[in-house]
Amino acid sequence: MKLLIIEDERSLRASIEKYFTDDGSICESCPDMQSALCKIDLYDYDCIILDLSHADGDGLKILQHLKNDGKDEGVMIISAKNSLDDRLRGLNLGADDYLVKPFHLAELKARILAIHRRK
């Protein structure tokens, strides 16, 4: 499985990347939206793990970008934003699932695998 991790928190990004690469997945990661948009335009992924809060913008813009470009990557939002409005906004814009921080990596993996199976 090929994953793109878009997370600005370095330690969390590294933990997620290690957890998935140890199981044989190919992982690329980005600390910001600008580099994420470049990778999304150049490559296809099985799933994108997307944090919503970035210094250079709102992660929901990445969902809109994917939709506008007709891309069909699965998207798993990970965010500290846990209000119902935030979750609904992300899901209604095209995310496949939404996981509130903090979370267990095992649960993240189970949800990513479920998205991958459905795709």
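Modeller: **The core and its setting**

From the N terminus on, the elements of the chain run β-α-β-α-β-β-β-α-β-α-β-α, where helices (H or I, at least four residues) and strands (E, at least two) are DSSP runs, numbered from the N terminus. That comes to five helices and seven strands. The radius of gyration, taken over C-alpha atoms, is 13 Å, close to the 14 Å that the globule rule gives for 119 residues, so the chain is as compact as a globular protein of that length; the rule itself is 2.2 Å times the number of residues to the power 0.38.

Before going further, please keep in mind that this is a predicted model, in which local features need pLDDT of at least 70 and side-chain atom pairs count only at pLDDT 80 or more, while totals for chains, interfaces and linings use all residues. Residues are numbered from 1 along each chain as its sequence is written, and side-chain values use heavy atoms, with hydrogens and water left out.

Of the 119 residues, 40% count as buried (under 20% relative accessible area, with exposed over 50% and partly exposed in between; 1.4 Å probe, protein chains only). Now to the part you asked about. A nonpolar core here is a set of buried Ala, Val, Leu, Ile, Met, Phe, Trp, Tyr and Cys residues joined through side-chain atoms within 4.5 Å. The largest one has 18 residues, and those with the most contacts inside it are I6, I48, L50, I62, V75 and I77. At least two residues of this core come from each of β1 (2–6), α2 (33–42), β3 (47–51), α3 (60–68) and β6 (74–79). Helix α3 gives the most, with four residues.

Leaving aside its neighbours within four places in sequence, I6 is in contact (heavy atoms within 4.5 Å) with C30, D32, A36, I40, I48, I49, L50, D51, H54 and I62. A second, separate core of 15 residues includes I5, C47, I49 and M76.

For contrast, consider K18, which sits in helix α1 (residues 10–21). K18 is exposed, with a relative accessible area of 52%. The C-alpha atoms of K18 and D96, 78 residues apart along the chain, are separated by 23 Å.
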